[in-house]
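Hello,

Here is the structure I promised to hand over. Please open it first, then read my notes below.

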Amino acid sequence: IEGLGPVGLPLTQKQAKELIKFCKKAPYGKGEKTLVDRNVRRVWRMEPDRFSLTNPEWEQFLATMVDKVQDGLGLENQTLKSHLYDLLLYEPGSFFLPHRDGEKLDRMVATLIVALPSTYEGGELVVRHDGQERTIDFGGVEGSRFHLHFAAFYADCEHEVRPLRKGYRLCLVYNLTLAKSKKPVAAPRASEHIARIRPLLREWAKDDSARKLVVTLAHQYT
């Protein structure tokens, strides 16, 4: 950190408090405006020009994460590039109300959150899309104090960070962009297809004379 020096991990309370002195209150986007409102978002931020990642193995590790994200988001036929956007420091009481990420870069398709090793409770990341909800509790993972965790989601998914109850959490935020694409890619939606097929299946199930079909699946699906 510029002006502070190396930050050891797992992050300690003493170093977290020192780090806050070099951070600013994180803003949020509302329409075309960028605002600071501690009732909407309460977290400390540092822009990439104020710090550096000097571990020689980091870039390769990041590339491995992005490959996993690319596959997990169903973008295996695309090429994703990562762009470091922020360093975020959460303290007790930090949170971010439900929101969607703005398109900070051309062809931005997803956001990658990397939680660095530290000890904390709360601060769950909740992602919602198309009637589904997923809660990611970085701090609830066994051995999280010594491990690095990451999560990624399509940029158009609504998400929030619930209040951090205890400890401090240090996160890197990356914007993920498509190397090239003729059209924008959004999070897949299934609700329209389900709505169309639901009444058809109900009518089919009522008809005792209808031929029943069995499809053997190759894998164990949800």
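Start at Val114. Leaving aside residues up to four places away in sequence, Val114 touches Trp58, Met65, Leu148, His149, Phe150, Leu170, Cys171, Leu172 and Tyr174. Keep in mind that this is a predicted model.

Val114 belongs to the largest nonpolar core, which has 52 residues. Along with Leu80, Leu89, Leu112 and Leu172, Val114 touches the most other members of that core. E15 supplies the largest share, seven residues.

Now the rings. How many aromatic pairs does a search of the whole structure find? The search finds one. The partners are Trp58 and Phe61. Their centres are 5.8 Å apart, with 45° between the planes, and the pair is tilted.

Is Trp58 buried or exposed? Trp58 is buried, because its relative accessible area is 10%, under the 20% limit. Phe61 has 38% relative accessibility, so Phe61 counts as partly exposed.

Two arginines are worth a look as well. The charged end of Arg38 sits over the ring of Trp44, 5.1 Å from the ring centre. Arg45 has its charged end over the ring of Tyr85, 5.9 Å from the centre.

Best wishes

Terms used. Residues are numbered from 1 along each chain as its sequence is written. This is a predicted model: local features need pLDDT of at least 70, side-chain atom pairs count only at pLDDT 80 or more; totals for chains, interfaces and linings use all residues. Side-chain values use heavy atoms; hydrogens and water are left out. A nonpolar core is a set of buried Ala, Val, Leu, Ile, Met, Phe, Trp, Tyr and Cys residues joined through side-chain atoms within 4.5 Å. Buried means under 20% relative accessible area, exposed over 50%, partly exposed in between (1.4 Å probe, protein chains only). Helices (H or I, at least four residues) and strands (E, at least two) are DSSP runs, numbered from the N terminus. Contact means heavy atoms within 4.5 Å. Rings of Phe, Tyr and Trp (its six-membered ring) pair if their centres lie within 6.5 Å; planes under 30 degrees apart count as stacked, over 60 as edge-to-face and the rest as tilted. A charge sits over a ring if NZ of Lys or CZ of Arg is within 6 Å of the ring centre and within 35 degrees of the ring normal.
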